Amino acid sequence: MKKVILTGDRPTGRLHIGHYVGSLRQRIQLQNSGEFDEIYIMIADAQALTDNAENPEKVRQNIVEVALDYLSCGIDPEKSTILIQSQIPELFELTAYYMNLVTVSRLQRNPTVKAEIQMRNFEASIPVGFLAYPVSQAADITAFKATTVPVGEDQQPMLEQTREIVRKFNSIYGETLVEPEILLPDNKACLRLPGTDGKAKMSKSLNNAIYLADSEEEVRQKVMGMFTDPNHIRVTDPGRVEGNPVFTYLDAFCRDEHFERYLPEYKNLDEMKAHYTRGGLGDVKVKKFLNAVLQEELEPIRRRRKEFERDIPYVYEILRKGTEAAREVAARTLAEVKKAMKINYF
Ligand code: ATP
Ligand code: MG
């Protein structure tokens, strides 16, 4: 069987280091491993509209921002197909058929959607499209016969929903769709990177993100202003590393070689954590180290972004080509689906 990746992002803002460690970094490794036959990366603008219906301009503008983030991180259009969801109507046809295989109460039980409804104060007025977006995600995944979906932890319920739809479809209409596997980052710190404010999730909408496109100075300021252990007041005080986002970011980004370069008094992160826990290591020093580590990772991304920003028509051309190629694949799957359902009359 072919090995196929599908993953993507909502164009609701620029991508941040949470997206990077949660999904983007892994996509690039998988892309360059050569292990996969096909890789599809979707800019999910139609999904973004399910909770931004009044703000289509925001979604429209962020399509190119997300594409720039992809390209500057190393997504290679020769190896990965980047596509724009709304331009592939076959996906919405599939969604319509899958909706008959899912109950409203099943959608209401989805813990990620539940949390998102609360965050958006949608309790009394959930747009139907928003409640149903996990079904549309199932269409996206199955349209490309994806076997592997590399995403962050919050996507687990979506993958479970997709697998249920696939099983139900195949059991009613015969073996047609492929059941995908989620691929989570193996580093625990990367599953759900907290915000700079220490809140549960770094998010475009919570103003607690470090963006891939932030300038060197913006990154420095955000790092130096980060939430740490509120009880670690004097340098000599013992500090907590659990729930301390500065250390979570170090877990996600730093390697032993960074200590050699920037803080040779420690061999590795465990030694540094032990010192912090004991007392005697100040937040400023830890933050300066984190800043150096992040700058090293982000600098080349920023540089490549500047280059791609000089030729926006070229970026749109990549999106157009990718979307066209992806549409052919989705159309083939839709034809198979309709044939299996015996709704091909002519
Ligand atoms: P929105 O607030 O519009 O939903 P978002 O920041 O949640 O935006 P998405 O486009 O929904 O971003 O998610 C894109 C991918 O990034 C998904 O695979 C998701 O799991 C992952 N992701 C998002 N935020 C984080 C985070 N803080 N840590 C790890 N992974 C994340
Ligand atoms: Mg999200």
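Which residue forms a salt bridge with Asp-69, and how far apart are the closest N and O atoms? Keep that pair in mind as you go through the points below.

1. A word on the model before anything else: this is a predicted structure.

2. Domain 1 brings 15 residues to the contact, and domain 2 brings eleven residues. About 1100 Å² is buried between domain 1 and domain 2, and carbon and sulfur atoms give 58% of that area.

3. Between domain 1 and domain 2 the count is six residue pairs in polar contact, with both residues at pLDDT 80 or more. The elements giving two or more residues to the side of domain 1 that touches domain 2 are α1 (17-33) and α3 (56-73). Of these, α3 makes the largest contribution, with six residues. By type, that side of domain 1 divides into eight nonpolar, three polar and four charged residues.

4. Back to the opening question. Side chains of opposite charge can pair when their charged atoms come close. The partner of Asp-69 is Arg-305, and the closest N and O atoms of this salt bridge are 3.1 Å apart. Asp-69 sits in helix α3 and Arg-305 in helix α14 (residues 283-309), so the pair ties together parts that are 236 residues apart in sequence. Between domain 1 and domain 2 there are two salt bridges, while the overall count comes to 34 salt bridges.

5. Finally, have a look at ligand 1. There are 22 residues around ligand 1, and those that come nearest are Arg-10, Thr-12, Asp-154, Leu-193 and Lys-201. Lys-201 places a polar side-chain atom 2.7 Å from an oxygen atom of ligand 1. Lys-204 also uses its side chain, with an N or O atom 3.0 Å from an oxygen atom of ligand 1. With Met-202 the backbone is involved: one of its backbone N or O atoms lies 3.1 Å from a nitrogen atom of ligand 1.

Notes: Residues numbered from 1 in each chain as written. Chains lettered and ligands numbered in written order. Predicted model: local features only at pLDDT ≥ 70, side-chain atom pairs only at ≥ 80, totals over all residues. Heavy atoms only, no water. Contact = heavy atoms within 4.5 Å. Buried area = accessible area lost by both parts, 1.4 Å probe. Salt bridge = Lys/Arg side-chain N within 4 Å of Asp/Glu carboxyl O. Polar contact = N/O pair within 3.5 Å; in protein donor to acceptor, adjacent residues only side chain to side chain. Helix = DSSP H or I, 4+ residues; strand = E, 2+ residues; numbered from the N terminus. Nonpolar A, V, L, I, M, F, W, Y, C, P; charged D, E, K, R; others polar. Near = heavy atom within 4 Å.
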